[in-house]
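Welcome to a short tour, to be followed with the viewer open.

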There are 2 protein chains.
Amino acid sequence: MKHLLLTAAAAASLILPVAASEPSAIPSPGEIAEAAPTADWIAIAPSDLLVMDLAPDAKGKPRRVVIQLMPAPFSQGWIGNIRKLAAAHWWDGTSINRVQDNYVVQWGDATEKKVLPEGLAAVPEREYQVRDTAKVMSIIETIHGNKERLKALVKEQRRSDPPVIYAPDMRTKVDPYADFQGFADGWPVAGSTGLWPIHCYGAVGVGRNMSPDTGSGAELYAVIGHAPRHLDRNIAVVGRVISGIEHLSSLPRGTEALGFYKAEAERTLIASIRIASELPAVEQPKFEYLSTESDSFARYADARANRRDPFFIRPAGGADICNIPVPVRPVAAK
Amino acid sequence: MKHLLLTAAAAASLILPVAASEPSAIPSPGEIAEAAPTADWIAIAPSDLLVMDLAPDAKGKPRRVVIQLMPAPFSQGWIGNIRKLAAAHWWDGTSINRVQDNYVVQWGDATEKKVLPEGLAAVPEREYQVRDTAKVMSIIETIHGNKERLKALVKEQRRSDPPVIYAPDMRTKVDPYADFQGFADGWPVAGSTGLWPIHCYGAVGVGRNMSPDTGSGAELYAVIGHAPRHLDRNIAVVGRVISGIEHLSSLPRGTEALGFYKAEAERTLIASIRIASELPAVEQPKFEYLSTESDSFARYADARANRRDPFFIRPAGGADICNIPVPVRPVAAK
């Protein structure tokens, strides 16, 4: 019995070989994404990347967090404010002020004295959802297209091996938080009478005070725990961390109520936050995401819901939307 | 606009006042649990607590993690092994070897040379589920009782204020991972032809190699991210972290494949792991959980699914089972 755990190779394969170097007969979700053709990967514009450089860690190592901002039609009022705050270098010298386990990391001005730039919009609560019928219908059509793609894939695979395939959503037509949900333009969204972005792990949102305040965008948080979807439609989701989340999620938890830090010394300094397109060209990080409208993504989502790679003995037969993270990867400099 | 974020009181109420000190007209889930009568809280036997003391942190502070072991009929083969390993002081001097972001922290013998105690059971894969019809039926009856309690509560509240109440599960009869799910004896469980424990945040499971190996229990992991429910029925869940998870979740992420640490210096030393009942009486930690068969829990679950406390403007109308963590609290020494 003990020998099974006693080799380096065995240790490395414990639990979940997502990053297995040898492709298996039945590929893992990660292998499916990696093998996707170049055409299925979509470049993220540098103007849609928010680059947060924290002060170096105790060993002097740089700590960069990259956030992809949501595309229209979602949350654009707050995102406009965030662009202005970054352009004004407003966050430089502010800090991470709150780390609550299984919940959020939050940053902004702990001194509570920093004057906000002129011209920020006061965004109303109705902007938590998209209600424009034409826009909603267009996004729903995209989601529907993805589901049809998945169904076709399932049908096709049923004619071959392995014989039994399930698709995500085959057990539940909806999720507990919405009447429908799915992926559109690279993002998980949910809807009933309107459409809204989802709080999954890594989601970035706008801290606020009591309603009808919706926050300016100067106080931001990132989700570092189980998807807190009760926040959907109660706070604005403006983006997601696509690189460096470990610099946030591994910070010491705050000991005050809600995970706020007690002493100034506990806070992590934010050296700067910039829109990537405002950085010198050579310093701009480059990323791409797997098109959620591609066959590769349909295969990836199906594999997330039904692990058939060698480690697994029983495919789940479904997945919740936050357990199907959209693959994002850095683009190597040429 | 800016003033809304500029007072200490405002800062403390940003996002989610779960720990608000002033009870509101409509209580938060945390307030409902806190107000539950003593009779609704069930003491956890010290013989069901696994106490892991890590080496003190860089500042010399103690780091204690307390794990509640699952009750019968779940995973008892591995739990028997874990009791033997703790009694043999087997983990003392081993380490935390893997920290993968949004996934798991894993510990055990990194040297891969430590001989396991005699007499550990080789537990078969069929033990990932409970299939004994009488036991399954008894647990399902408990779950059903909880749901009836919730329904009655919803009905009762609909006759009073606020007028519209939703219950978890009203939108989805099942979850994407199972044919049914619910709480029994303080634990979230799911089922179809059998019944099995669920991988929520904080769940502790048994690392293993490739099937048909199921692991001895010497390699354990704790979930530190979004519920990886694709692991359900593929790995044994043996317990959950009920205190000190921040000592695991805030560790630096490993940089090797699967989050394994590269260098020995990166590993965190485990000073000791004991069953609490084997510690001197005065050192035994004491905890209790909110009975999932109580009206208080039904109210708490409903409030988790439908936040009506002042911060929220739109109740979700549902919740996934891992977003309804069972309340656990320390018992103050007398």
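How far apart do the C-alpha centres of domain 1 of chain A and domain 2 of chain A lie? They are 30 Å apart; the domain bounds come from an automatic or database domain assignment.

Before you select anything, a word on conventions. Residues are numbered from 1 along each chain as its sequence is written, while chains are lettered from A and ligands numbered from 1 in the order in which they are written. This is a predicted model, in which local features need pLDDT of at least 70 and side-chain atom pairs count only at pLDDT 80 or more, whereas totals for chains, interfaces and linings use all residues.

**Stop 1: the two domains of chain A**

Select 23-43 + 132-193 + 292-328 for domain 1 and 45-128 + 202-225 + 238-286 for domain 2. Across the boundary, 5 residues of domain 1 of chain A are in contact with 4 residues of domain 2 of chain A (contact: C-beta atoms, placed from the backbone, within 7 Å). The side of domain 1 that touches domain 2 has 2 nonpolar, no polar and 3 charged residues. Here Ala, Val, Leu, Ile, Met, Phe, Trp, Tyr, Cys and Pro count as nonpolar, Asp, Glu, Lys and Arg as charged, and the others, Gly among them, as polar.

**Stop 2: strand β13 of chain A**

Now pick residues 287-290 of chain A, strand β13. Strands (E, at least two residues) and helices (H or I, at least four) are DSSP runs, numbered from the N terminus, and two strands pair if DSSP finds at least two bridges between them. Strand β1 (residues 41-43) runs antiparallel to β13(A), joined by 3 bridges, with Ala43(A) opposite Glu288(A). Strand β14 (residues 328-330) also pairs with β13(A) in the antiparallel sense, over 3 bridges; look for Phe287(A) opposite Pro330(A).

**Stop 3**

Go to residues 295-305 of chain B, helix α6: 10 of its 11 residues are buried, so the helix is largely enclosed by the rest of the structure. Buried means 20 or more other C-beta atoms within 10 Å of a residue's own, exposed 12 or fewer, and partly exposed in between, with C-beta atoms placed from the backbone. Among the buried residues is Arg299(B). Its C-alpha atom is 14 Å from that of Gly145(B), a residue of helix α4 (residues 133-158). Gly145(B) counts as partly exposed because it has 14 C-beta neighbours inside 10 Å.

**Last stop: confidence**

Terms used. Contact = placed C-beta atoms within 7 Å.
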